[in-house]
Structures are given as structure tokens and as C-alpha cells.
Amino acid sequence: MERIWTDRTIDAFFILLRSGLEEKDIEHPLILTEEEWEDILSVSAMQTVTGQVARGIAHLPAGNDVPDMILMKFMKKTDHIVRTSAIISEVRDKLVSAFRAGGLDPVIMKGPESASFYLRPELRESGDLDIFFPGDSFEKACDQVSSMGIIMDKAPDGSVRYLFEGIEIDQHQKYFDLHTERQLPEVPGPYATLLMLSSHILKHCMTAGVGLRQLCDMAMAYRALEDSYDKTALAAMFERTGLESWNKLLASFLEKHLGCRSHPYSQDELPDPTVLMDIIMEGGNFGHHAAGRQKAEKGPLSARKKDTVARMLRRLPFSLKYGRKELFCYFAELVRGNI
Amino acid sequence: MKLRKDCRVTGLRDKYLLVIPSGDGERNLEVNAGFHDIWEAFAGRNFTLGDVSDHLCKEYGMEPEKAAAEASDIIGLWKEYGLTEQ
């Protein structure tokens, strides 16, 4: 999507997003043209944060005019998000019950777990379910899925994908998007969740691209889990896994643009987050909206890979600075077909 | 009777939208705050014409006779749009 957003639109968008995330009233009115409101709607959809921006609109001061057509479009979209969230929650409960009946205990990760950190979980967009089984319970879970007559597709990284009651399930045997084995935290737990979310964002920044929803997930997780972890221990864990610089950059973005100060670096001088903002605004939701990406996604696998390689190369300076240790593993994953 | 579980009224600022799913997509109707309030009062529970009438008396201070007529109109409208189920 070739589109240049004005600073005014982006500023207004972030005011609305922050307000929606925090459920806080906006002090000053936003006086925007209908075209600018359309742009905000468009950025919200591209970044998959329409539900949170809609809540921001609800918190505008009384008398702040928003075109009726814009309100209708936001309501229609948020209704769809709420309905989808309800279906996913129902499917998650059924799937977890089915596994527990078979003596297994899945760990829900990414989407639905992240939604639980939001003040309005039903407005966090989700499209599928990610579940994790440690050790040999993964194979037992696969056996159980097969016994239900469900056909699974195996990915090159060993994870499996299948449909359960119409919802796509990604079943993983690896919780972290990391290739280090150094003292990874216990799963499930607050340290594991924060490391998983953070490394997932990094992986997408270095490869196909990332959207604001994932950044919002991180901000909301930091806030929701703030009393469950020790900030010094968390910073030490990020350092141990070679991700200190990355997490400082991430914290800088979360603080500057999403108002999050629950991260472990609130006493530190943080880097300028512009480089991260550029990646986010370039591609939106996992890079699906980047120029040329939609065409590549409709084409053969080779076209998608070529597009991803081009983007990985373009982001090489970023990747070498923030994820050097992971970079070569991601290239290897790309060759194997995991990215 | 009950209001259909799959129909929802969603609001943003002073605007309200009724979303009615159907086999070939969905219908969207803009509704007013009064519609929203009454819908929310009865969504997810069994009710009778008398319940709606009593609600109008209690919440809007209507006389019983007028409330009964209004309740009948409201339920008629819900039925006309296929928003109820037994």
C-alpha cells in the first residue's frame, strides 16, 4: 500500500490508541477532516488496532465531532472483532478441555494470552490460536488431535497446523522465537511471556515486518504483569539472552508512543525509537500491508520468499544491531520454509 | 421469547448500530439510544410483553396503558426484523 500518512493523522492516531489502551479520557478535542478520519480508520485496520482506537474515540471530549460515517465504520469493525473474539475464546475453551480430558495441559500463547492483558480483551483482534506443549507432551497432543480425525499440516520447524471448529490452530513445541538455550525462563510464567512476546516482535521486525498490535500486546503485558516480575531480574534475563539492546529500543518505543513505563528500563537512558516506528509504519500487521507484499502473498511460494529475503536484506543494519545472534538462524529458517 | 443471541447493538459516542447476521452476510441498522437501552435490558434473557411494559413504566415513568401499547410496538418491531426467537 503506497500511502504517506500526515504527521497530523499519525499524532491523532496515537492519541486515540493510547487513550483506548488505558481507557482514559482525552483532554483536548481532535479536529480532523473527514479524509483524516478515513486515514485513521485505515491505519487502525492496517495495524490491527481498530478496537483500541474505537475506544479512544469513545474517550474524546464531549462535543468533539466525528463524522457519522466514520463512527458507523468503527462500530461495524469492532462488532466483527468482538464476535470473532467470542468464537476464538469458545474454541480455545473446548480445545483446552479436550486436551485436559486426555491428560495434557496446553499453554496458550500469543493472541488469546495477550488479549487477557488488555482492559477490554474482546477488542484485541485475533484470528487464530497458538498453543504450546513442552517436551514429549507435544507428540501426545498430536496423537490426540489425530484421534479426533483432524488432519494436521506439519511445518518445517516441527510445529503443526490444523483446523479445530473452523479456527486455525498453530501447535508449537517451541515457545520462544529464539535459538539460544541459555537459561530460558520457566514456561508458563511472567518472564517467559515477556521474553516470548519481545522475541516474537524482534523476529518479525527482522523478517516480514510487524504491526502495532504486537507492540500493544507487549505494553499491556508489561502493565498487567508488573507485580509478577522483578525488573532487575527481567533486565538480567534480556541481557543473558543477548536481547538487551533490542529490549531497550522496544521499551523506548512503548514509552514514547504508547505511554508504557512498566518496562524494566525506566531508569535508563533509552535510544531513539524512530527505526522501530519506520518498520511498523512500513508494513502494518506482520508486514502484510507493505508495498509489494500483498502481490507477493498472492503469488507462488518463491515470490513470497523473494520478497521476505529482500526485506531481510533491507533491514540488515537493524538486524545486525539488535538481533545479530538470531539473524543467521532466521536466514536458515527462511531456507527451510519457516518464515 | 428471547432476543436473538447473534444480534448485537454496539455504540460509539451517541451513535448505535444494530448488526443482524443472516445467511448471506449481515444487515446493519442505525438505531437510537432508546432502542439500545431497551435492547440491553432484555438481551440474553426470557421475557414477555408484560416484562417490557413493566420496564417502560419503571424506567421511563409511562402510564401502564401507554407502556403496554409501546411494548407491543417494540416487540412487533423486533419480530418484523426477525430479532426474536422462542
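In this predicted model, B:Leu17 stands opposite B:Glu30, a residue of strand 4 of chain B. That pair belongs with the joining of strand 3 (residues 15–22) of chain B to strand 4 (residues 25–31) of chain B, which run antiparallel and are linked by seven bridges.

- Three strands of chain B form an open sheet in the order 2-3-4, and their pairing is antiparallel.
- Strand 2 and strand 4 of chain B are the edge strands, and each has a single partner strand, so one side of each has no neighbour in the sheet.
- From one strand to the next, the twist averages 25 degrees.
- Helix 4 (residues 68–101) of chain A packs on this sheet and touches strand 2, strand 3 and strand 4 of chain B, while its direction makes about 45 degrees with that of strand 3 of chain B.
- Strand 3 and strand 4 of chain B make a hairpin that leaves two residues between them, and within this pairing B:Ile20 has B:Arg27 of strand 4 as its bridge partner.

**The contact of chain A with chain B**

- Chain B brings nine residues to the contact and chain A brings 12 residues.
- On the side of chain B that touches chain A, strand 2 (8–12), strand 3 and strand 4 of chain B each supply at least two residues.
- The residues on that side of chain B comprise three nonpolar, two polar and four charged.

**Helix packing in chain A**

- The axes of helix 1 (residues 7–22) and helix 3 (residues 50–58) of chain A come within 7 Å and cross at roughly 90 degrees, which means that helix 1 of chain A is roughly perpendicular to helix 3 of chain A.
- Helix 1 of chain A contributes residues including A:Phe13, A:Leu16 and A:Leu17 to this contact, and helix 3 of chain A contributes others, among them A:Val53, A:Ala54 and A:Ile57.
- By type, the residues of this helix contact divide into eight nonpolar, four polar and one charged.

**Strand 2 of chain A and its partners**

- Strand 2 (residues 129–132) of chain A is covered on both faces, with A:Leu129 and A:Ile131 buried on one side and A:Asp130 and A:Phe132 buried on the other.
- Strand 1 (residues 107–109) of chain A pairs with strand 2 of chain A in the antiparallel sense through three bridges, and here A:Ile108 stands opposite A:Ile131.
- Strand 5 (residues 167–172) of chain A runs parallel to strand 2 of chain A and is joined to it by four bridges, and in this pairing A:Asp170 is the bridge partner of A:Asp130.

**Backbone geometry to note in chain A**

- Most residues other than glycine have a negative phi, and most peptide bonds are trans.
- The peptide bond between A:Val187 and A:Pro188 is cis, with omega about -5 degrees, and A:Pro188 has its place in the loop between strand 5 and helix 7 (190–206) of chain A.
- A:Glu23 has a positive phi, near 55 degrees, and lies in the loop between helix 1 and helix 2 (34–46) of chain A; A:Glu23 is partly exposed, having 14 other C-beta atoms within 10 Å.
- A:Glu165 also has a positive phi, near 50 degrees, and lies in the loop between strand 4 (160–164) and strand 5 of chain A; A:Glu165 counts as exposed because it has 10 C-beta neighbours inside 10 Å.

Conventions: Residues numbered from 1 in each chain as written. Chains lettered and ligands numbered in written order. Predicted model: local features only at pLDDT ≥ 70, side-chain atom pairs only at ≥ 80, totals over all residues. Pairing = 2+ DSSP bridges. Contact = placed C-beta atoms within 7 Å. Nonpolar A, V, L, I, M, F, W, Y, C, P; charged D, E, K, R; others polar. Axes fitted to C-alpha atoms, helices over the stretch in contact; angles between N-to-C directions. Parallel < 35°, antiparallel > 145°, perpendicular 65-115°, else oblique. Buried ≥ 20, exposed ≤ 12 C-beta atoms within 10 Å, placed from the backbone.
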